[in-house]
Amino acid sequence: MSSASPRRELTGPEVASGIANAPRIRAVENAPVAIYYTDAAGKITYVNPAYRRVFGLTPDQSVNEEWAPGVHPDDRVRMKEAWADFCLSPRPIRFEYRTKTSTGEVHYCAEQVVATDDDQGFVGTITEVTDLVAARDDLQRVEKRFRDTVEQAPIGIAYADRDGRFVRCNAAF
C-alpha cells in the first residue's frame, strides 16, 4: 500500500453537503485526479490530497492564496485572469496550463469546472496530461518529418482518394 496523506476533520459545508459519507470521501480523497470545491464566489472550500500535490502545497498552506506559484510562470497571469473571468461569469469551462515543481519539473494539466447542482458553488477536477502532450508532440514531429520527406523527394509522389482524384502531390510530381 502507498503511504496515505494525513486525514483531516471534515467540517462545515463538507458535512452539510453530505461529502462526509465515508465511501464517497474515501473515493474523493484517494482519487488519481485533483478535486476541489468552491463557494459561489470562487473561494476554495475543499481540496483533496491530489490537488495539493499538483500545486506543491503543504497541508498548512492556503489553497486560496498559494495555488498560483505552482502554475508555470509563463501561464500564471493567463490563469489568474481566466479564473477571475470565470468567477465573474460562471459557466462550465476547461483550462489547460502547465505547473512547475520546486525542482523545475514541468507538468501539463487539464482542468474542468462546473456549477454544483444547487448553484451554491463549483466543483473542479485537474488531470495531469503530460503523457498525452508528449505523445501529441511526438506525433506532430513524425508527421512533419514525413511531410518534409515527401516534399523533398526527388521523385513524384501523389496521393489520390478512392475515386482517383488527386488529394495532394509533391513538387516533383
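**Entry 1: the start of the chain**

Where pLDDT is low, the predicted coordinates should not be read in detail. Then I looked up the average: the protein comes to a pLDDT of 84, and 88% of the residues score at least 70.

My ground rules follow. This is a predicted model, in which local features need pLDDT of at least 70 and side-chain atom pairs count only at pLDDT 80 or more, while totals for chains, interfaces and linings use all residues. Residues are numbered from 1 along each chain as its sequence is written, and side-chain values use heavy atoms, leaving out hydrogens and water.

**Entry 2: the overall layout**

I looked up the secondary structure and found five helices and seven strands. These are DSSP runs, numbered from the N terminus: helices are H or I with at least four residues, strands are E with at least two. From the N terminus on, the order reads α-α-β-β-α-α-β-β-β-α-β-β.

Next came burial. Of the 173 residues, 30% count as buried. Buried means under 20% relative accessible area, exposed over 50%, and partly exposed in between (1.4 Å probe, protein chains only).

**Entry 3: aromatic rings**

I searched the whole structure for aromatic pairs and got eight. Rings of Phe, Tyr and Trp (its six-membered ring) pair if their centres lie within 6.5 Å; planes under 30 degrees apart are stacked, over 60 edge-to-face, and the rest tilted.

How are the rings of Trp83 and Phe95 placed? Their centres are 6.4 Å apart and their planes stand at 55°, so the pair is tilted. Trp83 sits in helix 4 (residues 73-88) and Phe95 in strand 3 (residues 93-100), so the pair ties together parts 12 residues apart in sequence. Trp83 is buried at 16% relative accessibility, and Phe95 is buried at 5%.

I then checked Phe86 and Phe122. This pair is edge-to-face, with 4.9 Å centre to centre and 65° between the planes. Phe86 is in helix 4 and Phe122 in strand 5 (residues 121-128), so the pair links parts of the chain 36 residues apart. Phe86 has 0% relative accessibility and counts as buried; Phe122 is buried too, at 6%.

These four rings belong to one aromatic cluster, which also holds Tyr36, Tyr51, Phe55 and Tyr97.

**Entry 4: charged side chains**

A salt bridge needs a side-chain nitrogen of Lys or Arg within 4 Å of a carboxyl oxygen of Asp or Glu. I counted 10 by this rule.

Asp85 bridges to Arg91, with the closest N and O atoms 2.7 Å apart. Both ends are partly exposed: Asp85 at 38%, Arg91 at 30%.

Arg141 and Asp138 meet at 2.2 Å, N to O. They are three residues apart in helix 5 (residues 130-152), which means about one helical turn between them.

I also noted a network of salt bridges linking Asp75, Arg78 and Arg98.

**Entry 5: Arg52**

Which side chain of opposite charge is nearest to Arg52? It is Asp60, at 6.7 Å. Lys and Arg count as positive, Asp and Glu as negative, and His and the chain ends are not counted. Arg52 is buried yet has no salt bridge. I placed Arg52 in helix 3 (residues 49-55). Leaving out residues up to four places away in sequence, Arg52 touches Val47, Leu57, Thr58, Pro59, Gln61 and Val63.

Methods. pLDDT = per-residue confidence, 0-100. Contact = heavy atoms within 4.5 Å.
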